[in-house]
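Morning, everyone. I have one model to go through today, and I will start with a contact between its chains. Please bring the structure up.

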Amino acid sequence: MTVAATLAELVRDFRANGRIVIVGASLAGLRGAEALRAEGFTGPLTIIGDEPYEPYDRPPLSKQVLKGWVPADHTALPRLRALDAQWRLGVAATGLDRATKHVLLADGEQVPYDRLLIATGTRARPWPNPDEAALEGVYTLRSRDDAAGLQRALAARPSRVLVIGAGFIGSEAASVCRDLDIPVTVAERGSAPLVGALGGVIGEIAAQMQRDHGVDLRCGVGVSSLEGDAGGHVRRAHLSDGTTVAADVVLASLGSIRNVEWLEGSGLAAGFWGVGCDAGGRAFDINGVATDSVYVAGDVARAPHVLYEYQFLAMEHWDNAVLGAQAAAHNMVNLEPHYRPNLLLPGFWSGQFGVNIKSVGVPPFGDEIVFTQGSVKDRRFAAAYGRRGRIVAAVTFNHGRWLEYYGRLIQESAPFPPPPPGWDRPDDMKPMPADFPEPGVPTAVPDVVLTGHDPNERRAEFRPRR
Amino acid sequence: MRIVVDLNRCQGYAQCVFLAPEVFQLNGEEALVYEPNPDDGRRLQVERAAAACPVQAIVVERLAAAERSVAS
């Protein structure tokens, strides 16, 4: 038998009899499982999730669920095909033994695998003081339970809501409060809402939008402490500028923490920014060597991106979860040279204050911005981000149909400022500094981050050749 | 029945809002919100909406409940 024929036989055998375990039962885990079956994998498939719920969709949680239009338990994701999987829900993975190829579970069980897909995603960063975080009326917003709890609190008509952190989740929640005619204060440590994701120029527009809708927006201030009443319910917050805000509901929207603790000691390149992997989802070990049996997808994955100078990107985007999981699933049941990359042009959307904000590319990669279409005054415009003479991202406010145009330019590394789209041009098309915060300035963490090498995180053992 | 809309792909053409207004709504000019778990009685409406979407952003579940069973 030739080597090629032997390898082909091995692949056939793995597709029929291999054992695949997916840790993480959310969008990436589900779509990864479906893709494995679609790719012809018929072996035993186990899906492990720490929440008791089958995979559900998160974007509605901060919008229609919070508003009370849709119950939180209506968000289970549609299934695209039968899975024939063993579901282990309500039990967290607590460890990974790569030597014996077992996933360790919180209930003591060990699940064997031949190939593993890590899709453990992120969790909400809690309010840092545990006693204050435990006060009744203090919420985070990431899970179905979070959304259900916060929705009930809003339905009880609080006298004022305090939102800490004006990233996308915080801004969307503030928008819902105003829709429900609930007074809301937003405290953001950065100079403006959305500043980490979109920079100061767009942040100022977002700030004006909040104020136009009656949000008491306070930027450049932190919340130093939360104070409860005798019954343990939050009543007020003390801000770093010496003022206080009386509020009976507090939402801490401080960004997310990647769920990597269970990988401690596994020898994988896992840390603060997620699990390092190649563009095909193959996890790196601590020395930067691609593994053959462990794959990563979704929010927890960070991979070099060809369009962004091969910098590592961690993308908390809906379609990154879907496409990353599909690419990883394909590669799990194929051999090189048939591997497939997840070459997603990152993109997100956010609905707030009646405006649809969409972006394509990686805005924080750029340092200049130019308004290319529409009118800022009307909250209907497109703007492009550039770096060293090339377009790297674009953002639209109620101008989503033009995003594809900019996406194509970004993929072609077209010049910046970009060629005018020939329609609806603003009077003044002059590039200006995009005004992103210096690295290290605390803001709500953007949902796509450049995660280039961080020396503090190095855990690899470096042994120079003697 | 379960549905999900790829809101990255959605461009606010509002065909779904027109065909199934109880399920899809616009929040402002182009931000779509929807009921992800509409009554089965609305299936025809929802399927028409999915078919009419110019960018095919609406995914409608095809599986029967029995096939998506989850053992924990």
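B:Arg2 and A:Glu54 are joined by their side chains in a salt bridge, with 2.8 Å from N to O. This is a predicted model, so please hear every value as computed from it. Between chain A and chain B the count of salt bridges is two. Polar contacts between the two chains come to 16 residue pairs, with both residues at pLDDT 80 or more.

Which elements of chain A each supply at least two residues to the side that touches chain B? They are strand 3 (86-89), helix 7 (318-332), strand 24 (347-352) and strand 25 (355-361). Strand 24 gives the most to that side of chain A, with four residues.

Now the extent of the contact. Chain A puts in 38 residues and chain B puts in 34 residues. Interface size is often quoted as the accessible area that is lost when the parts come together. Here chain A and chain B bury about 3000 Å² between them, and 50% of that is on carbon and sulfur atoms. In chain A, the residues that lose the most area to chain B are A:Trp69, A:Arg79 and A:Arg401, which together make up 22% of what that side buries.

Next, chain B by itself. How many helices and strands does chain B have? There are two helices and four strands, and from the N terminus on the order is β-α-β-β-α-β. Along the principal axes, the C-alpha atoms of chain B fill a box of roughly 40 × 25 × 20 Å. Chain B has 72 residues, and 46% of them are buried. If you take the contacts in chain B between residues at least 6 apart in sequence, 59% join residues at least 24 apart. Chain B exposes about 3500 Å², of which carbon and sulfur atoms supply 47%.

Is A:Glu172 buried or exposed? Its relative accessible area is 4%, and the limit for buried is under 20%, so A:Glu172 counts as buried. Which residues does A:Glu172 touch, not counting those up to four places away in sequence? They are A:Ser62, A:Lys63, A:Trp349, A:Ser350, A:Gly351 and A:Gln352. For orientation, strand 24 of chain A, the one that gives the most to the side touching chain B, covers 347-352.

Leaving aside neighbours within four places in sequence, A:Leu226 is in contact with A:Trp127, A:Glu132, A:Leu135, A:Val138, A:Ile164, A:Val234, A:Arg236, A:Ala237 and A:Val250. For a sense of distance, A:Leu226 and A:Leu335 are 109 residues apart in sequence, and their C-alpha atoms are 54 Å apart in space.

A:Val3 lies in helix 1 (residues 3-17) of chain A. Why does A:Val3 count as exposed? Its relative accessibility is 63%, and exposed means over 50%, so A:Val3 falls in that class. A:Val3, A:Leu7 and A:Leu10 form a nonpolar patch on the surface, and together they have about 290 Å² of accessible area.

That is what I have. I am happy to go back to any of these places on the screen.

Terms used:
Residues are numbered from 1 along each chain as its sequence is written. Chains are lettered from A and ligands numbered from 1 in the order in which they are written. This is a predicted model: local features need pLDDT of at least 70, side-chain atom pairs count only at pLDDT 80 or more; totals for chains, interfaces and linings use all residues. Side-chain values use heavy atoms; hydrogens and water are left out. Patches are made of residues with over 30% relative accessible area and no salt bridge: like charges are joined within 9 Å, nonpolar side chains (Val, Leu, Ile, Met, Phe, Trp, Tyr) within 5 Å. Accessible areas come from the Shrake-Rupley method with a 1.4 Å probe; for residues, only the protein chains shown count as cover. A salt bridge is a side-chain nitrogen of Lys or Arg within 4 Å of a carboxyl oxygen of Asp or Glu. Buried means under 20% relative accessible area, exposed over 50%, partly exposed in between (1.4 Å probe, protein chains only). Contact means heavy atoms within 4.5 Å. Buried area is the accessible area (1.4 Å probe) that two parts lose on being put together, summed over both. A polar contact is a pair of N or O atoms within 3.5 Å; within protein, one must be able to donate a hydrogen and the other to accept it, and residues adjacent in sequence count only if both atoms are side-chain atoms.
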